[in-house]
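Biologist: I have a model open on my screen and would like to learn how to read it. Could you walk me through it, feature by feature?

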Amino acid sequence: MNTRLIITLKQVEELLQAANKIKPGWESKDECYQWIEVTLSHFQYRSLSKSDKGLIQEALAGSQ
């Protein structure tokens with residue numbers, strides 16, 4: 001799943017609303033873990049507020 005075009009947390013919320021229609025595109029656990037790592041880095045996860053971290057966690061859990 002390519003999430004590079006998702007830049008804002010608002011877009012993450014919109015993704016979650018459509019999540020039941022989205023299918024992940026990875027073929028292995030390694031690809032999935034790599035995607036998670038890239039996503040956390042992309043949104044600078046460590047610097048987010050607690051509520052925003054929850055949003056990212058929800059998006060990651062919903063995409064697996």
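Predicted model: local features only at pLDDT ≥ 70, side-chain atom pairs only at ≥ 80, totals over all residues.

Biologist: Is R4 buried or exposed?

Modeller: Exposed, because its relative accessibility is 66%, and the cut-off for that label is over 50%. Sequence distance tells another story from distance in space: R4 and H42 are 38 residues apart in sequence, yet their C-alpha atoms are 7.9 Å apart.

Biologist: What share of the contacts with a separation of 6 or more comes from residues 24 or more positions apart?

Modeller: That share is 64% in this protein.

Biologist: Okay, let's zoom out. Which secondary structure elements does the protein have?

Modeller: Three helices and zero strands, so to speak an α-α-α run from the N terminus on. Helix α1 covers residues 9-17, while α2 spans 29-42 and α3 spans 50-62.

Biologist: And which of these elements has the lowest mean pLDDT?

Modeller: That's α1, with a mean of 80, whereas α2 has the highest, at 89. For the protein as a whole the average is 81, and 81% of the residues score at least 70.

Biologist: How do I read the inside of the fold?

Modeller: The general idea is that nonpolar side chains tend to be buried together in soluble globular proteins. Here, the largest nonpolar core has 14 residues, and V12, F43 and I56 have the most contacts inside it. The elements giving two or more residues to this core are α1, α2 and α3. Helix α3 supplies the largest share, four residues.

Biologist: Which residues does F43 touch, leaving out those up to four places away in sequence?

Modeller: I6, I7, T8, L9, V12, L48 and I56. Two of the names from the core list, V12 and I56, turn up again there.

Biologist: What fraction of the residues counts as buried overall?

Modeller: 27% of the 64 residues. As for the surface, the protein exposes about 5000 Å², and carbon and sulfur atoms supply 49% of that.

Biologist: Now the rings. How is a pair of aromatic rings described?

Modeller: By the distance of the centres and the angle of the planes. In this case there is nothing to classify, as the structure holds zero aromatic pairs. A ring can also have a charge over it: the charged end of K53 sits over the ring of Y45, 5.4 Å from its centre.

Notes: Residues numbered from 1 in each chain as written. Heavy atoms only, no water. Phe/Tyr/Trp six-rings, centres within 6.5 Å; stacked < 30°, edge-to-face > 60°. Lys NZ or Arg CZ within 6 Å of the ring centre and 35° of its normal. pLDDT = per-residue confidence, 0-100. Core = buried A, V, L, I, M, F, W, Y, C linked by side-chain atoms within 4.5 Å. Buried < 20%, exposed > 50% of the residue type's maximum accessible area, 1.4 Å probe, protein only. Contact = heavy atoms within 4.5 Å. Areas by Shrake-Rupley, 256 points an atom, 1.4 Å probe, with all protein chains shown as cover.
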